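User: I'm new to reading protein models. Could you walk me through this one, feature by feature?

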Amino acid sequence: MDLSAVTAALEMKSYDKVADICDNLMLQVAADGVAFHHDWPYAIHLLSHFYVHDINSARFLWKTIPSSIKESKPEVTAVWKIGQQLWLRNYGGVHEAIRGYEWSQELQGFVSAFSELYTKEVFQLLVSAYSTISIEDAALFLGMSKDDATSYVLQQGWTVDSSSGMLTVKKQPVVTEQKLDPRKLQQLTEYVFHLEH
């Protein structure tokens, strides 16, 4: 079984492409009738679905993994714990699941990239949902210590009130770029002209 495409995507840090590569390769190998379960990179495959926000595909993949693999490869189970926390929307639990396992050399970079992506997405969620938030809550959501969370959000332009332990969220200005297409403007002009006459 040739997993060079998966390895190449990981080396190039094209993590958003790994899920499709794994899915297609799995279909191809299964269609050829090759026994692949023991050698399949399930941990990478599961994490790749989480990376592209496809939790449902990861759940279905988890159901197809033989019990013997789940029991003999603890890294697969550790990745699944991340997925369970994602499913429950337990933001702090995702970070705990990431930190709670000693990842193999093969998966370390991918897990680190997922962790960074997840932290950025949760930060954007906080920006859109809160105008003020306690330092403790921000630290829980971001999976950091209070000091690290405070430093992180201060770098993003938030302000901190040390006496109350509250952070004031700096809303990001919404920039919408409108492109004026001359053809659409012409069509609109003709339509309005037609309605008037």
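Analyst: Let's start inside: tryptophan 62 and tryptophan 80 are both buried. Buried means under 20% relative accessible area, exposed means over 50%, and partly exposed is in between (1.4 Å probe, protein chains only). Keep in mind that this is a predicted model, where local features need pLDDT of at least 70, side-chain atom pairs count only at pLDDT 80 or more, and totals for chains, interfaces and linings use all residues. Residues are numbered from 1 along each chain as its sequence is written, and side-chain values use heavy atoms, with hydrogens and water left out.

User: How are the rings of tryptophan 62 and tryptophan 80 arranged?

Analyst: Rings of Phe, Tyr and Trp (its six-membered ring) pair if their centres lie within 6.5 Å; planes under 30 degrees apart are stacked, over 60 edge-to-face, and the rest tilted. The count here comes to 12 aromatic pairs. For tryptophan 62 and tryptophan 80, the centres are 4.9 Å apart and the planes are at 5°, so this pair is stacked. It links distant parts of the chain, 18 residues apart: tryptophan 62 belongs to helix α4 (residues 55-64) and tryptophan 80 to helix α6 (residues 74-88). Helices (H or I, at least four residues) and strands (E, at least two) are DSSP runs, numbered from the N terminus.

User: Which residue lies over the face of tryptophan 62?

Analyst: A charge sits over a ring if NZ of Lys or CZ of Arg is within 6 Å of the ring centre and within 35 degrees of the ring normal. Lysine 70 does this with tryptophan 62, at 4.3 Å from the ring centre. Likewise, the charged end of arginine 59 is over the ring of tryptophan 87, 4.2 Å from its centre.

User: How many salt bridges are there?

Analyst: You look for a side-chain nitrogen of Lys or Arg within 4 Å of a carboxyl oxygen of Asp or Glu. That gives one salt bridge. Its partners are lysine 146 and glutamate 136 (3.5 Å, N to O). Lysine 146 is in helix α10 (residues 146-155) and glutamate 136 in helix α9 (residues 135-142), so the bridge ties together parts 10 residues apart in sequence. Lysine 146 is partly exposed, at 44% relative accessible area, and glutamate 136 is partly exposed too, at 42%.

User: What about the whole protein: how many helices and strands?

Analyst: Count 11 helices and three strands. Of the 197 residues, 37% count as buried. The C-alpha trace spans about 70 × 60 × 30 Å along its principal axes.
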